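Subject: Handing over the model

Hi,

Here is the structure I promised to pass on to you. Please have a look at it, and read on below for what turned up.

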Amino acid sequence: MTAALEVRGLSYELPGRGTRDGGRGREGGRALVQDVSFTVGAGETLVLLGRSGSGKTTTLKLINRLLEPTAGDVRVAGERAADVPATKLRRRIGYVIQEVGLFPHFTVERNVGLVPRLDGWPPPRIAARVRELLTLVGLDPERFAARYPHELSGGQRQRVGVARALAADPPLLLLDEPFGALDPITRVELQREFQALEGRLGKGMVFVTHDVREGLRLGTRIGLMHEGRLAFLGTPEEFRRSDHPECRAFMAAA
Amino acid sequence: MSLLAFYARNAQEVLGLVAQHLYLVAVSTLLAFALGIPLGIVLTRRPAWQRPVLGLANVFQTVPSLALFGFLIPLPFIGGIGASTAIVALVLYALLPIVRNTYTGIAGVDPAVREAGRGMGMTDWQLLTQVELPLGFGVILAGVRVATVVSVGTATIAAAIGAGGLGVYIFRGVAVVDDTLILAGALPAALMALAADGLLGLAERRLAWRGK
Amino acid sequence: MAGKMTVGQSIVFVATLLAGCGRADRIVVGSKNFSESDLLGEIVAQQIERRTGLPVERRFHLGGTFVCHHAITSGQIDLYVEYTGTAYTAVLKFPPAHDADSVRRAVTAEYARRFGLTWGKPFGFNNTFAITVRRRDATRYGLTRIADLARVASRWKAGFGYEFLERADGFRGLADAYGLRFSAPPTAMDLGLTYRALAEGKVDVIAGNSTDGQIEALDLVVLEDDRHYFPPYEAAPVIRQAVLDAHPEVGTALALLAGRITDAEMRRLNALADVEHKDIAGIARDWLQAPRP
Ligand SMILES: Nc1ncnc2c1ncn2[C@@H]1O[C@H](COP(=O)(O)OP(=O)(O)O)[C@@H](O)[C@H]1O
Ligand SMILES: [Mg+2]
């Protein structure tokens, strides 16, 4: 079976400023991500752990081509991402962004049904799918479908964000610190529910966090990012025992 | 002579001038929307153009109308005397609030929302039409409102270039020092401006999405 | 532009304010709110200063006819330059008349009788409406008089200012007097823009003022009012009789200016102010100092 996601030698340099003079600005040419490789199988969750600014978000954006890699290769469900039109690729990858980014002028129902609509599903099928997903993420469709994002709590918004990412049943899910902005209690609650979902969904997931405990709880494997590089890749158990200084720094913080 | 008596005696002429005035405002503001909104959108896609384009629109606003007409008279097609020249001038005056508000309205959309849209696989066109324009609509409409209200007032200068409108009474009144005549032109123009402001304000409250 | 005071004028203005109400031996000169009136007011003021040594206070750019007339009858100013035709119709409310001499005689008599004001001798030019065409057209069609216009009018477009279209002595009477029929009703527009529209060929005939600087600057030609339709607008100083009695030398100084400014000369002076934006006081000084035949 092909892996949900295969990343080989992925790199990203900031474009040089002004190509005409051939010179590069201060930021020009700086590498944000360097030579990152990993594989995520179906039903697997790779946690990308790292300090803020270590390149985690950039790595996710390189996978769904919100940024174009300057080197390396990404395959989603066996197909080269570079060979697929970017918009089509992105509809096959669920994406939960750090700030949730629900559309404030859409109801919960329209937010969740966004990708199926873009893909041209018939409305009754979208409606059924939305109900199914809201139930899956623990929101009663009767109560929540017609609400607007500003009528939801932070935790409820995150649930809608996850439901939206799952809507078109993508083989791969990218989650960028989805629980980062929540209070500790809601956060643990959502982590638990997410853990229960992981096994049931059977999707490949890349879960970005800077919280070691969250990472160790949710990941089947841990990738530690440090200054744009993947400094460590292994199971949570291996991570705990690693003597890589950055791993130890994180363990000490836990 | 009282204003009412004047209107009673010249009803037909008044209605004709009001119609001319409405025509000048309608054509010029529609053209300004048709030019200004796409231009504002382009600026959000080409941020480098923002300064020169907004700067130019700003300059247009500061050129006195008689000077602008002076420049326009010799130009082929858009220039000369009459309605077309007046409309060109009115479009130039209306452009700034529309371009600026379209730009600000779209640029003001939460970057996370934009990012989410792109991340979900929206094309640029889908993002524009389904997310950015609806969310920026209130600000864009506010610009349209300002432009329209200002146009109703500035359309009185069309009378300086032979394009008619309510400015005819104002210019005549000034020429022969007749306050009733001046008022006969200024009053309906002011009422039209208030009406336009009220209607577009209503549209703004009714149609624009208001976020928290 | 004409409305702004020069530094020199400002100093004089402030100084005269500081001098307070003791205006016994100061002559107060007013002017209307356009460059020609300012220019003539300044020429008169400098002439009085040079010839009599009396201090002169300038109250320029006061407003229209009504404001100046009110100012002089109430003694706030001692003299200003008025036009005979304006005094005749706007102040004395007589119906428009066409003979320069009878108009001048009427205003002189009535102003003395009703207001205790004396009309000085006219400067020489007549600032009346000027039916104006491009020199090129005048040459090609042999146009020198307004009567010649009737031949080409049916193919021509006219653009007129609002005042000319509205006034009793304006377009309607002119069209009747000369039998003019244009291809379309005249376009009503701003007077200044009519010059531009004429020069650019957007209209073929306009009604300017015979002393406007643009006539020379844009190579235009004024057609002669051969049927004497337009009322005369001769410019002359109007002065309070009481001032003349106290200072007869002022009358002598003003008399020296009589007949000294032709239409063309006034056009040239206006062009210096309106087209070249020279300072009014300087234009007046140069004009007074220039050697004369
Ligand atoms: N558009 C950009 N221009 C310049 N620097 C950027 C840009 N985007 C991100 N960066 C920099 O790249 C690095 C990695 O950012 P990011 O991937 O967002 O980190 P993380 O998600 O791990 O916190 C940071 O140093 C950040 O400042
Ligand atoms: Mg990040």
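Let me start with a pair inside chain A: A:R8 and A:E6 form a salt bridge, with their closest N and O atoms 3.8 Å apart. A:R8 counts as partly exposed because its relative accessibility is 38%, and A:E6 falls into that class too, at 27%. Keep in mind that this is a predicted model, with an ipTM of 0.87 and a pTM of 0.81.

**Salt bridges within the chains**

Over all chains, the structure holds 43 salt bridges. A second one in chain A joins A:E246 to A:R51, where the closest N and O atoms are 2.7 Å apart. A:E246 sits in helix α11 (residues 245-253) of chain A, while A:R51 belongs to the loop between β3 (45-50) and α1 (56-63), so this pair ties together parts that lie 195 residues apart in sequence. Are the two partners buried or exposed? A:E246 is buried, since its relative accessibility is 6%. A:R51, by contrast, has a relative accessible area of 47% and is therefore partly exposed.

Distant parts of the chain are linked here, as C:E57 is in strand β2 (residues 56-59) and C:R26 in the loop between α1 (7-18) and β1 (27-30), 31 residues apart. Both ends are on the inside by the 20% cut-off for buried residues: C:E57 has a relative accessible area of 8%, and C:R26 one of 9%. In chain B, salt bridges with shared partners join B:R45, B:R114, B:D124 and B:E132 into one network.

**Where chain A meets chain B**

Which chains share the most contacts? Of the two pairs of chains in contact, it is chains A and B. On the chain A side 23 residues take part, in contact with 18 residues of chain B. About 1900 Å² is buried between these two chains, and carbon and sulfur atoms give 67% of that area.

The rule finds one salt bridge across this interface. Its partners are B:E115 and A:K61, whose side chains meet at 2.8 Å, N to O. There are also five residue pairs in polar contact between chain A and chain B, with both residues at pLDDT 80 or more. On the side of chain A that touches chain B, α2 (86-91), β6 (93-96) and α4 (114-118) of chain A each supply at least two residues. The largest share comes from α4(A), with four residues. Sorted by class, that side of chain A has twelve nonpolar, four polar and seven charged residues.

**Where chain B meets chain C**

In the other interface, 17 residues of chain B are in contact with 13 residues of chain C. These chains bury about 1300 Å² between them, 73% of it on carbon and sulfur atoms. Here too the rule finds one salt bridge, and the side chains that form it are B:R172 and C:E166, at 3.0 Å from N to O. Five residue pairs, both members at pLDDT 80 or more, are in polar contact across the interface of chain B and chain C.

Which elements of chain B give two or more residues to the side that touches chain C? They are α4 (65-72) and α8 (167-176) of chain B. The largest share, five residues, is from α8(B). By class, this side of chain B has 13 nonpolar residues, three polar and one charged.

Chains A and C, on the other hand, do not touch, and their nearest C-alpha atoms are 45 Å apart.

**A caution about chain C**

Chain C has a mean pLDDT of 89, and 91% of its residues reach 70 or more. Over residues 1-22 of chain C, however, the pLDDT is below 50, although this stretch has 19 contacts in the model beyond near neighbours in sequence. Where pLDDT is low, the predicted coordinates should not be read in detail.

Methods
Residues numbered from 1 in each chain as written. Chains lettered and ligands numbered in written order. Heavy atoms only, no water. Contact = heavy atoms within 4.5 Å. Buried area = accessible area lost by both parts, 1.4 Å probe. Salt bridge = Lys/Arg side-chain N within 4 Å of Asp/Glu carboxyl O. Polar contact = N/O pair within 3.5 Å; in protein donor to acceptor, adjacent residues only side chain to side chain. Nonpolar A, V, L, I, M, F, W, Y, C, P; charged D, E, K, R; others polar. Buried < 20%, exposed > 50% of the residue type's maximum accessible area, 1.4 Å probe, protein only. pLDDT = per-residue confidence, 0-100.
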